[in-house]
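Biologist: I would like to learn how to read salt bridges in a model. Can you take me through some cases?

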Amino acid sequence: MVLITVVRDYINRMLQDISGMKVIVLDSHTVSIVSVAYSQSELLQKEVFLVELVDSISMSKEPMSHLKAVYFLRPTSENIQLMRRQLATPRFGEYHLFFSNMLKDTQLHNLADSDEHEVVQQVQEFYADFVAVDAYHFTCNMISNHMYMLPAVVDPSSLQHFCDRAVDGIAAIFLALKRRPIIRYSRTSDISKRIAQEALKLMYQQESGLFDFRRAEVSPLLLIVDRRDDPVTPLLNQWTYQAMVHELIGIQDNKVDLGNIGKFPKDQQEVVLSSEQDAFFKTNMYENFGDIGMNIKKLVDDFQQVSKSNQSIQTIEDMAKFVDNYPEYRKMHGNVSKHVTLVTEMSRIVEERKLMLVSQTEQELACNGGQGAAFEAITNLLNNESVSDIDRLRLVMLYALRYEKDSPVQLMQLFNKLASRSPKYKPGLVQFLLKQAGVDKRTGDLYGNRDLLNYALNMARGLKGVENVYTQHQPLLFQTMENIVKGRLRDVDYPYVGNHFQQARPQEVVIFIVGGTTYEEARSVALLNSTNSGIRFILGGTAVLNSKRFLKDLEEAQRIARSSTGVA
């Protein structure tokens with residue numbers, strides 16, 4: 001498990017040589033980094049009895065000299081200030097300071113000056129400055145993720161902060177992997193170019209010694225692309241397990257909050273979905289929804305055998321009831337009851353929002369031609385009372401992205417229909433999306449010449465059940481990875497920065513999406529990695545998106561763009 005293993009190794013090294021009772025002190029970023037890689041019970045095994053946040057620990061004055069403090073923080077100026085204040089009046093017996101990225105010399109001097117009581121035992125850099133969501137998928141968890149859509153002049157300092165965080169995350173990945181990459185970026189994206197140039201400067205000039213691993217093999221490739229090259233993927237409904245949970249319920253740092261869904265006991269309101277800690281999830285995370293239901297039913301059936309129950313289980317509701325009626329089942333298979341809950345809730349949402357109907361049209365829009373049929377289908381869905389506002393908006397956006405040049409008249413009709421049916425969504429948001437990610441702004445062939453290809457695929461598929469209708473879409477990323485495998489990624493679309501070029505096919509490729517990744521793309525990466533193409537791909541980005549987050553970022557960018565230009 002590549003990335004998760006890297007982070008776990010760092011945490012092990014922090015904790016294993018410090019004997020006795022410990023407190024671990026984290027900041028709002030490193031708490032996510034640690035929590036996805038390490039469970040509470042594992043921390044307890046390492047004698048960590050308290051987990052504190054660095055800003056709240058400042059409020060407390062109670063001395064705890066029997067505890068050794070292990071700090072793991074991002075090397076930000078705010079954190080260094082907090083550290084200095086805490087070292088001035090130390091509460092703990094020993095201080096072990098670990099930073100998730102490169103410390104500046106001045107920061108180190110400031111810490112040394114503050115350590116008048118000589119309680120600091122060590123200061124180290126452990127390059128885990130990213131959240132390892134899965135083995136090949138990481139995120140920087142940026143709160144201000146909308147910044148990538150704004151021109152540099154709107155808010156230069158926030159944009160600089162955004163770029164710095166992206167470069168920090170990328171640098172940490174390569175320091176952790178002990179490699180220095182060749183760097184390419186998406187031609188039409190200013191922000192990708194800027195991050196690529198700043199990463200180059202860091203790795204080949206400012207810190208070239210740190211990145212000089214003197215390894216003979218072919219350099220890995222870092223490819224920096226822009227979410228706006230493929231705005232379709234984050235707008236689509238999802239039908240594979242992990243992606244679907246994020247789309248319909250929401251996953252944050254591998255945790256799902258069930259608090260809003262129903263009456264759950266306190267200890268079950270937040271559940272963990274981790275391929276590291278949950279064998280059922282690991283096996284099923286990329287499976288489609290129909291198969292998940294069958295696989296959970298098989299688990300419940302197996303337990304019925306054990307518990308000698310002859311209650312008939314046919315539907316998802318039956319499964320949910322069965323789990324409620326047998327508390328020992330929940331104990332023995334707490335994990336399964338979690339999955340039954342998730343699948344039950346998602347089935348309810350699919351039914352309530354008529355998502356099978358909506359999604360069929362979405363997939364057609366993303367994958368097939370047929371503008372007339374698409375227009376008719378969307379008009380019908382906009383008129384359908386069961387279709388929610390957000391689904392109407394997404395359908396119009398998908399149509400606009402696909403047919404912005406072909407059918408301006410129909411597009412205006414859909415804008416008007418959307419405005420009358422869902423007044424809270426101004427058509428301006430769809431136009432803002434086209435301004436951000438329309439055909440003239442994109443690198444790569446988003447829709448490809450797919451019509452003929454799809455015709456052939458559909459012929460080949462024949463009558464293979466339902467799944468193909470809902471999961472036929474392939475993200476643009478899949479095409480990009482295939483081009484890398486075949487050595488066909490065009491220099492004109494993805495130029496190199498600096499004078500470092502790829503001499504041979506890379507064996508390791510990190511693709512970083514400015515604006516955020518999706519679990520559908522993470523699935524493409526994991527599936528390609530399992531095919532032995534000779535290249536290992538890692539996917540990273542500034543956030544992990546679902547359609548809600550993508551639209552929120554779009555709205556926020558539109559709001560700021562308007563207020564900066566004074567347009568009402």
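**Reading the salt bridges**

Modeller: Start with a pair: Glu 508 and Arg 179 are both buried. The model is a predicted one.

Biologist: How far apart are the closest N and O atoms of Glu 508 and Arg 179?

Modeller: They are 3.2 Å apart, and the two residues form a salt bridge. Glu 508 sits in strand β12 (residues 508-514). Arg 179 sits in the loop between α7 and β8 (182-185). The pair links distant parts of the chain, 329 residues apart.

Biologist: What is the general idea behind such pairs?

Modeller: Side chains of opposite charge can pair when their charged atoms come close.

Biologist: How many salt bridges does the rule count?

Modeller: The count is 25. One case joins Arg 165 to Asp 129, with 3.6 Å between the closest N and O atoms. Arg 165 lies in helix α7 (residues 156-177), and Asp 129 in the loop between β5 (120-125) and β6 (131-134), so this pair ties together parts 36 residues apart in sequence.

Biologist: Is Arg 165 buried or exposed?

Modeller: Buried, because its relative accessibility is 7% and the cut-off is under 20%. Asp 129 is buried too, at 0%.

Biologist: Which residues are linked with Arg 165 and Asp 129 in a network of salt bridges?

Modeller: Arg 74 and Asp 168.

Biologist: Where do Asp 278 and Lys 338 lie?

Modeller: Asp 278 is in the loop between β11 (270-272) and α10 (279-284). Lys 338 is in helix α14 (residues 334-352). They are 60 residues apart. Their side chains meet in a salt bridge at 2.9 Å, N to O. Both residues are buried.

How values were computed
Residues are numbered from 1 along each chain as its sequence is written. This is a predicted model: local features need pLDDT of at least 70, side-chain atom pairs count only at pLDDT 80 or more; totals for chains, interfaces and linings use all residues. Side-chain values use heavy atoms; hydrogens and water are left out. A salt bridge is a side-chain nitrogen of Lys or Arg within 4 Å of a carboxyl oxygen of Asp or Glu. Helices (H or I, at least four residues) and strands (E, at least two) are DSSP runs, numbered from the N terminus. Buried means under 20% relative accessible area, exposed over 50%, partly exposed in between (1.4 Å probe, protein chains only).
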